[in-house]
Amino acid sequence: MRHIIQAFALAVCLSCDAAGLAFAQTYPAKPVRMVVPFPPGGAADLIGRVLAHRLSEQVGQPVIVDNRAGASGNIGAEAVAKAQGDGYTILMGALTSHSINHTLERKVLRYDLERDLSPVMIVATVPYVLVVHPSVPAQSMQEFIAYARAKPGHLTYGSSGAGAPQRLAAEMFKLKTGIHMLHVPYKGSGQVINDLIGGQVLAAFESVPAALPHIRGGRLRALAVTTTQRIPMLPDVPTVEEVASFTFEASSTFGILAPAGTPKAIIERLNSALADALQFPDVKERLLQQGAFAESTTPEEAARRIRSEIAMWAKVINEAHIKPD
């Protein structure tokens, strides 16, 4: 009987694989909906639209961007998590935000990032930069840390909310340096930048695209970038690791996900098409104009990156005792 059951199970698996392969050979036969879980104009939206255009050419069907904003990206992510796993609904995920929400908002989430979504590819990362108001008497990151230690609680830093990736990057920096800074939450990066320029807050870990014009204009001072290597937009600004005695890497990671249960053959078809789209120089250049560095991973690598992000931010959330808004 055991052998009969094993043979039956094998037959079912082979049948499912064959069906998935047959489906993939005709996929896509209609337009694909790319859900962006944030409003138009943000990083996820801009990256999604750049990719959607080239992806349409690669798969031979329109890839339509559908902005489903709200609840820190959770509304759009949930919509995809509950969609049919047929490859016709995919998520342009802000994976750092989703990974933070996985821990910070676990009690209210109605989907599970790891269980209900299948990674297709990591497509881009957007680094952060530590910036200060010019009144802060620190010309380097070392001087900034020394100043913060000499005046505990004096330094304020802004972010776009309790669970914002920029806030978590700042909290990770605080944990690693032992300094104390007061968090001032805002509703968006635009408000953070405005008050930082005005001196209402004194520091921020902001995305490079948001801060770059003001750094170049002398309205903000850049002290360090959060990547492992210097970036071409700010070649004279060191990385945190260059001048610190600890490892530090933080950025906003973006990727494509599909509903759980999407056939492996469809995942691989999308992965291949995305990899081809990301090879176009104009795609890389348009992403770089938004401060995003193009990446290309396998689905398995993407899954490992997501697990790593979840674990890293869960540690920060727990050690810094961060609570939702």
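A: The second largest pocket holds about 390 Å³ of space. A pocket here is an open set of points on a 1 Å grid over the protein atoms alone, where a 1.4 Å probe fits, with protein on both sides within 12 Å along at least five of seven lines. Its volume is the space filled by probe spheres set on those points, which are joined across faces, edges and corners.

Before going in, keep in mind that this is a predicted model: local features need pLDDT of at least 70 and side-chain atom pairs pLDDT 80 or more, while totals for chains, interfaces and linings use all residues. Numbering runs from 1 along each chain as its sequence is written, and side-chain values use heavy atoms, with hydrogens and water left out.

So who is standing around this pocket? It is lined by 19 residues, and Thr-125, Glu-249, Ser-251, Glu-295 and Arg-305 lie nearest its centre. A residue counts as lining if it has an atom within 4 Å of a point. Sorted by class, the lining has six nonpolar, eight polar and five charged residues. (Ala, Val, Leu, Ile, Met, Phe, Trp, Tyr, Cys and Pro are nonpolar, Asp, Glu, Lys and Arg charged, the others, Gly included, polar.)

At least two lining residues come from each of E4, E9, strand E10 (293-294) and H13, and H13 gives the most, with four. Helices (H or I, at least four residues) and strands (E, at least two) are DSSP runs, numbered from the N terminus.

Arg-305 makes a salt bridge with Glu-295, with their closest N and O atoms 3.1 Å apart. This pair ties together distant parts of the chain: Arg-305 sits in helix H13 and Glu-295 in the loop between E10 and H13, 10 residues apart. A salt bridge means a side-chain nitrogen of Lys or Arg within 4 Å of a carboxyl oxygen of Asp or Glu. Arg-305 is partly exposed at 28% relative accessibility, and Glu-295 is partly exposed too, at 22%. (Buried is under 20% relative accessible area, exposed over 50%, partly exposed in between, using a 1.4 Å probe on protein chains only.)

Now stay in H13 and look at Glu-309, which is found in that helix. Glu-309 is buried but has no salt bridge, and its nearest side chain of opposite charge is Arg-305, 5.6 Å away. For charge, Lys and Arg count as positive and Asp and Glu as negative, with His and the chain ends not counted. Which residues does Glu-309 touch, leaving aside neighbours within four places in sequence? Leu-95, Thr-96, Ser-99, Ser-251 and Thr-253 are its contacts, where contact means heavy atoms within 4.5 Å.

Elsewhere in H13 you'll find Ile-317, buried at 5% relative accessibility. Again leaving aside neighbours within four places, Ile-317 is in contact with Ile-100, Thr-103, Leu-104, Leu-168 and Ile-322. Past the end of H13, His-321 lies in the segment that follows the helix. His-321 has a positive phi of about 55° although it isn't a glycine, and it is exposed, with a relative accessible area of 62%.

E4 and E9 are among the elements that supply lining here. The buried residues of helix H3 (74-81) pack against both of them, as well as against E1, strand E3 (89-94), H4 and helix H5 (113-116). H3 is mostly covered, with six of its eight residues buried, Glu-78 being one of them. Unlike the buried Glu-309, which has no salt bridge, Glu-78 forms one with Arg-110, their closest N and O atoms being 3.3 Å apart. That pair also links distant parts of the chain, from helix H3 to the loop between H4 and H5, 32 residues apart. Glu-78 is buried at 13% relative accessible area, while Arg-110 is exposed at 61%.

To put the pairs in context, the structure holds 14 salt bridges. The two followed here are Arg-305 with Glu-295 and Glu-78 with Arg-110.
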